[in-house]
Amino acid sequence: MADGNAVDYLIRTLSKAKPHSITIAMLGPQTNLALALVQAPEITQGIKEVVVMGGAHFNGGNITPVAEFNLFADPHAAQIVLASGVKLTYVPLDVTHKILTSEQRLKQIAALGNNAGKLVDGILNEYVKLDMEHYGLPGGPVHDASVIAWLLKPELFSGRQINVAVDTREGIGFGQTVADWYGTLKQPQNVFWVENGNAKGLFDLLTERLARLK
């Protein structure tokens with residue numbers, strides 16, 4: 001474990017890093033990174049890319065009708081990161097709700113026979129049930145692992161560079177990611193928005209990586 005808190009760790013690590021050498025996989029609210037950027041804005045020099053699991057546009061939200069949980073939890077932090085000028089990729093619900101579990105895909109993982117496969121199979125079987133029921137999906141969406149799959153094998157995904165803003169105003173739109181997919185506002189394209197993915201390819205990759213573990 002690193003000494004100190006997460007904000008201090010980010011500042012120390014990114015300040016000492018070679019220029020644009022560190023990719024940050026952001027699997028939750030962006031609070032710690034935003035605080036680090038406020039305290040030491042020069043740390044952007046060490047960031048190669050920030051890949052965010054969060055946001056929603058075509059799919060709608062999962063904590064409100066328009067907001068995804070990680071953005072809703074701290075939209076002000078997301079706004080700071082968006083304004084920082086770092087290279088940003090968003091892996092939103094638009095794509096993770098297309099990367100669905102299935103009986104065959106889970107059997108593929110369970111068949112590995114190792115502890116890692118059994119653990120992941122058990123987790124996926126349980127945690128996807130609420131989403132399947134709520135959204136009427138044939139399988140459960142895979143959120144955080146989609147970010148890692150994007151980093152390991154980006155050819156499994158597609159999207160486009162667009163302008164994204166986040167609503168920080170109190171009210172029904174709080175936490176909404178306003179994704180200007182068609183460039184209507186003619187604003188700078190500050191985010192690569194991942195919109196589609198190869199579910200079979202992701203589960204094959206996940207299975208292959210789990211097979212390396214005990």
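Reply: Start at His20. His20 sits in the loop between helix H1 (6-16) and strand E1 (22-26). Keep in mind that this is a predicted model.

Look at the backbone there. The phi of His20 is near 50°, a positive value in a residue that is not glycine. Why point this out? Because most residues other than glycine have a negative phi.

Next, is His20 buried or exposed? His20 has a relative accessibility of 53%, and the cut-off for exposed is over 50%, so His20 counts as exposed.

Lys186 lies in the loop between strand E5 (177-180) and strand E6 (191-197). Lys186 is not a glycine either, yet its phi is positive, at about 55°. Its relative accessibility is 72%, so Lys186 counts as exposed.

Now turn to a strand residue. Leu88 belongs to strand E3 (residues 88-91). Its relative accessibility is 3%, and buried means under 20%, so Leu88 counts as buried.

What does Leu88 touch, leaving out residues up to four places away in sequence? Its partners are Val50, Val52, Val81, Leu82, Asn190, Val191 and Phe192. One further pair links Leu88 to another stretch of the chain. Leu88 and Ile24 are 64 residues apart along the chain, and their C-alpha atoms are separated by 9.7 Å.

Step back to the whole protein. It divides into domain 1 (6-99 + 141-211) and domain 2 (103-135). The centres of the two domains, taken over C-alpha atoms, are 25 Å apart.

How do domain 1 and domain 2 meet? Contact involves 14 residues of domain 1 and 12 residues of domain 2. The size of an interface is often given as the accessible area lost when the parts come together. Here, the area buried between domain 1 and domain 2 is about 1100 Å². Carbon and sulfur atoms give 64% of that area. On the side of domain 1 that touches domain 2, the residues divide into 7 nonpolar, 5 polar and 2 charged.

His20 is an exposed loop residue with a positive phi.

Key: Residues are numbered from 1 along each chain as its sequence is written. This is a predicted model: local features need pLDDT of at least 70, side-chain atom pairs count only at pLDDT 80 or more; totals for chains, interfaces and linings use all residues. Side-chain values use heavy atoms; hydrogens and water are left out. Domain bounds come from an automatic or database domain assignment. Contact means heavy atoms within 4.5 Å. Buried area is the accessible area (1.4 Å probe) that two parts lose on being put together, summed over both. Ala, Val, Leu, Ile, Met, Phe, Trp, Tyr, Cys and Pro count as nonpolar, Asp, Glu, Lys and Arg as charged, and the others, Gly among them, as polar. Helices (H or I, at least four residues) and strands (E, at least two) are DSSP runs, numbered from the N terminus. Buried means under 20% relative accessible area, exposed over 50%, partly exposed in between (1.4 Å probe, protein chains only).
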